Structures are given as structure tokens and as C-alpha cells.
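Hi,

Here is the structure I promised to pass on. Have a look at it first, and then read my notes below.

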Amino acid sequence: MRANSDDRRHWLAGRLASADGFVSGAVLAEEMGVSRVAVWKQIRRLREAGYAVEVSGDGYRLRVRSDGLLPAEIRFGLATKDFGRSVEVVPVTASTNLLARAAAERGAPHGHLVVAEEQTQGRGRRGRAWISPPGGLWFSLVLRDGFSVGELPLLSGAVGVAVAETLARVGLEVGIKWPNDILVAGKKCGGILLELAGESDALAYTVVGIGLDVNVRPGERDPTLARVTTSLAAELGRPVDRRLLLQDLLVQLERWCGAVRAAPAEILAAWRARDALAGRRVRLRQGDAVLEGEAAGIADDGGLRLRLPHGTVITRWSGDVSLSDGEEPAGG
Ligand code: BTN
């Protein structure tokens, strides 16, 4: 066991989270190679950090809280290889994407996860703000697959598919509005923001940021978008356990991000099956330029196919899409 006190505490939290019942102080002291007093000190610090550690004559037991988002609670029962194995949870931060970038620069491993209860300067696509009050799931992952810039549209679709498949499993009707807005019952309930660093042919890392309106009230994030946004709790009629949801998301994300190279056809099939725009008349805005046409599906490289009024089909890889008939599936 490593000597660093933070490492010891993390190890202890993980050990208690994966134990069946109480673990005695003597056993922990032996396993950690420290005195029982030192174990007790670490237990006290875990409790100060918010861990619900019960103490009895039999030793110590960690009560894993429902909806709990502390590191050991997230790792407890997590069925991934890399995603979320290294994890950082903060009560409040400007943006988890920023924290994940900083962690990546310090050498955080592939799959490193950063979760915040609240963001004060959450970032949305195209430089927009993303309001992130408590009750949502705001998190970012560091990926070190060495993706190229050309693979990013497919990666962004893979992330959308992973989120959509996870939500579909809890009984929600989910669509994906290109590039990767998550729609439930036609309304936006989540967004995805990819940020990258390094050479364009082999990126040093990619940060995948995901925001989901889980137990946030519809319109709480932005009242002007109340008509076109929703939350999972509002659609299901009950609050959602964010820990279980996050764990399921991590499993699906690891699977679908891995498919970018291993099984791109599977991503495309799943994405096309949930394409909320196919066949609709749309407007694609790229800076000041606006293109109107019919959404003609997802291209093999993840771009949006657009049939222009005179029949030509073009592909675009960036921009904001809205429906021409004004029946807006939620913007930013
Ligand atoms: C969008 O505009 O649809 C994308 C929104 C992405 C929001 C998430 S919340 C977690 C992560 N941190 C951020 O600052 N943004 C992303």
C-alpha cells in the first residue's frame, strides 16, 4: 500500500465500498500497514468528506447512499474497464471540461472522470453557456485513444448513441438531433461537448463533456427554453438515481467510444435508428451562412446529409440545425 495519505483514504473508501458488511479496524490496519489509530484518523477524514461510514464494535461499514456521487460510491459496482476507474468529484466548479483538461495535462489516465454537483460557467456548443444547477448530471471524461480530427464526428455520434441507449433502457423514448442533442419525447434533455488537444492526426486527448437534466425541473436551467426542454424526472414522473444512471452511462460510453474504430457500422446503424431529423425540412446555420433543405440522414463519417431544394445532396460536419416549420426540437 502506498504511503500517501490521500491514496490511503481512497483505498480505504474503495475497500469499505466493496466489503459485504463491517470490516474490523484490526484487519484494515494490517491490510494498510498502519496502526488502528491511523485507520481511525482516515475514517474521520472520510466522514468529513461526506462518506457515510458507520462505526460499531464489529468495525467500519460504508453506507453507499442512493444517488450518492462520491468517488467510492461511483466506483462501487461499476462494470467498466477504464471509464470512471479514476474519478474526481467536486461540489462546484466552473466547468468539468476545464477540470478534465487540467487533469489530462497532469497525465490523468484514459477514462478519467470528473463530476460536479454544480457548474458556475458550464460550456455549451458554439460558445454558449450551459446553466448547470444541482440535480443534474454534469461530467467529463478524458479519452486517450489518439483519435484524429477526422474521427471526431463519428465519436460525437458514438457518445450520443451511448447516452440515448442508456436512457432508452430506463424506459424513455429517445431521439438524437444531429450532431448529438439528446431529445426525450422530442424535447432536449441533454447536450454533449467534445474538446480536443494535440496534433490533428493523433490527438493527445479528447475531453467528452456530458450534461443531463436528470432531476432538474423543466425550465429551471433556462426559463426561455421551458417549452423545448425537459428533464428525465419530469418525463418519468419520478426522481432518477444519478449514481446508477452515471454507472450505466459509463458502461455504454466505454462500449460505444470503443466502437469508433472497432465497429463504426454499428454506431451508424444505432444513430440512424434514432435520427430525430431524417426527412424533416431543416435550416443549418454555420456562422452567418444558412442552408435550407431536407435532412437526408447521417453520412458514413458522421456528417449531416442535406438535400438542397434543387435535389443535390451535400454533407456538413458542423453547424446548428433547426426545423424550418418552426416546430423546434430544442436549441442550446
Ligand atoms: C450543448 O450545448 O448542447 C452541450 C452542452 C454540454 C454541457 C456539459 S455539462 C458537463 C460538461 N462541462 C461543461 O462545461 N460542458 C459539458
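This is a predicted model: local features need pLDDT of at least 70, side-chain atom pairs count only at pLDDT 80 or more; totals for chains, interfaces and linings use all residues.

Let's start at the ligand: one of its oxygen atoms sits 2.8 Å from a side-chain N or O atom of Lys188. That makes a polar contact, meaning a pair of N or O atoms within 3.5 Å (within protein, one must be able to donate a hydrogen and the other to accept it, and residues adjacent in sequence count only if both atoms are side-chain atoms). Ser95 also uses an N or O atom of its side chain, again with 2.8 Å to a ligand oxygen. Arg125 does it with a backbone N or O atom, 2.7 Å from an oxygen of the ligand. In total 19 residues surround the ligand, and Ser95, Gln119, Arg123, Arg125 and Lys188 are the closest; a residue is near the ligand if one of its heavy atoms lies within 4 Å of it.

Residues are numbered from 1 along each chain as its sequence is written, and side-chain values use heavy atoms, with hydrogens and water left out.

Next, Asn180. You'll find it in the loop between strand 6 (174-177) and strand 7 (181-184); helices (H or I, at least four residues) and strands (E, at least two) are DSSP runs, numbered from the N terminus. Is Asn180 buried or exposed? It counts as buried, with 3% relative accessibility, since buried means under 20% relative accessible area, exposed over 50%, and partly exposed in between (1.4 Å probe, protein chains only). Its side chain makes a polar contact of 3.2 Å with the side chain of Ser156. Leaving aside residues up to four places away in sequence, Asn180 touches Arg125, Ser156, Gly160 and Ile192, where contact means heavy atoms within 4.5 Å. Pro179 is in the loop between strand 6 and strand 7 too, and a cis peptide bond, with omega of about 5 degrees, joins Trp178 to Pro179.

Two residues have a backbone angle to check. Arg126 is not a glycine, yet its phi is positive, about 50 degrees. Arg126 is partly exposed at 44%. Ala185, also not a glycine, has a positive phi of about 50 degrees, and sits in the loop between strand 7 and strand 8 (187-199).

Now the inside. A nonpolar core is a set of buried Ala, Val, Leu, Ile, Met, Phe, Trp, Tyr and Cys residues joined through side-chain atoms within 4.5 Å. The largest one has 62 residues, and Phe139 and Leu167 touch the most other members. Helix 6 (residues 152-169) gives the largest share of this core, ten residues. A second, separate core has 18 residues, among them Leu28, Ile43, Leu46 and Ala72.

Finally, the rings. There is one aromatic pair: Trp40 and Tyr60, stacked, at 6.3 Å centre to centre with 15 degrees between the planes. Rings of Phe, Tyr and Trp (its six-membered ring) pair if their centres lie within 6.5 Å; planes under 30 degrees apart count as stacked, over 60 as edge-to-face and the rest as tilted. The pair links distant parts of the chain, with Trp40 in helix 3 (residues 36-48) and Tyr60 in strand 2 (residues 59-62), 20 residues apart. Trp40 is partly exposed at 30%, whereas Tyr60 is buried at 9%.

Cheers
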